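Subject: A structure for you to look at

Hi there,

Here is the structure I promised to pass on. Have a look at it first, and then read my notes below.

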Amino acid sequence: MAFSHAQTFADAVVSDILIPADEIQRKVVEIGRRISRDYDGLNPLLVSILKGSSFLMADLLRAIDIPIEVDFIAITNYGPATRSSGVVRLIKDLDRSIENRHVLLIEDIIDTGLTLNYVLKLLRGRHPRALDVGTLLNKPARRLANISLRYNGFDLPDRFVVGYGLDFQGRYRNLPYVCVLKPSVVSF
Ligand code: IMP
């Protein structure tokens, strides 16, 4: 797609901005401060799921001022592009053991919760000392799995959003805010 001078990439695809970039950054700093306080002395391991959560993770880590370690897993969701089936395949495992560790799983968005439920079950089976969840975005209206959140940035309405790491068909992760796409862009 080519854009004229007056029309930026974002103008062409974005319908509504739900959370502006500066609000996201303020919230990330606040959650980072809380994590620093809550996990002081516990040498926590922060785990996130590639690829979407890596944007949040990069900002969050810089807002934490205690010693921490970081690890990543990668999964693929089967099923339609915009709806979770909860059927997940692990394509990259953690690099190290989590046994006896204080583990904090960092998610970008929780929708039905089915994906996270699968990952939590997997990690629980490895006997961490504690396993908690923090998410930047939460869509409580669509929850199908019961998940308790230690940190929750923003509750969202039931709308498909992109930006700040979230994609539609692999695109729009680089938008710095959380937004809804124009209907012309999203063809289900
Ligand atoms: P869940 O299993 O329904 O909670 O969805 C989990 C995954 O679906 C998230 O980690 C995202 O990758 C994706 N997802 C859910 N809602 C959205 C959305 O509004 N925009 C982009 N991706 C989403």
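Two strands count as paired if DSSP finds at least two bridges between them. Helices (H or I, at least four residues) and strands (E, at least two) are DSSP runs, numbered from the N terminus. The model is predicted, so local features need pLDDT of at least 70 and side-chain atom pairs count only at pLDDT 80 or more, while totals for chains, interfaces and linings use all residues. Residues are numbered from 1 along each chain as its sequence is written, and side-chain values use heavy atoms, leaving out hydrogens and water.

Let's begin with strand 6. Strand 5 (residues 102–110) pairs with strand 6 in the parallel sense over 8 bridges, and I109 has L137 in strand 6 as its bridge partner. Strand 6 also pairs with strand 7 (residues 151–155), again in the parallel sense, over 4 bridges; here G134 has Y151 as its bridge partner. Of the 9 residues of strand 6 (residues 130–138), 7 are buried, so the strand is largely enclosed by the rest of the structure. Buried means under 20% relative accessible area, exposed over 50%, and partly exposed in between (1.4 Å probe, protein chains only).

S36 touches A63, I64, D65 and I66, not counting residues up to four places away in sequence; contact means heavy atoms within 4.5 Å.

Happy exploring!
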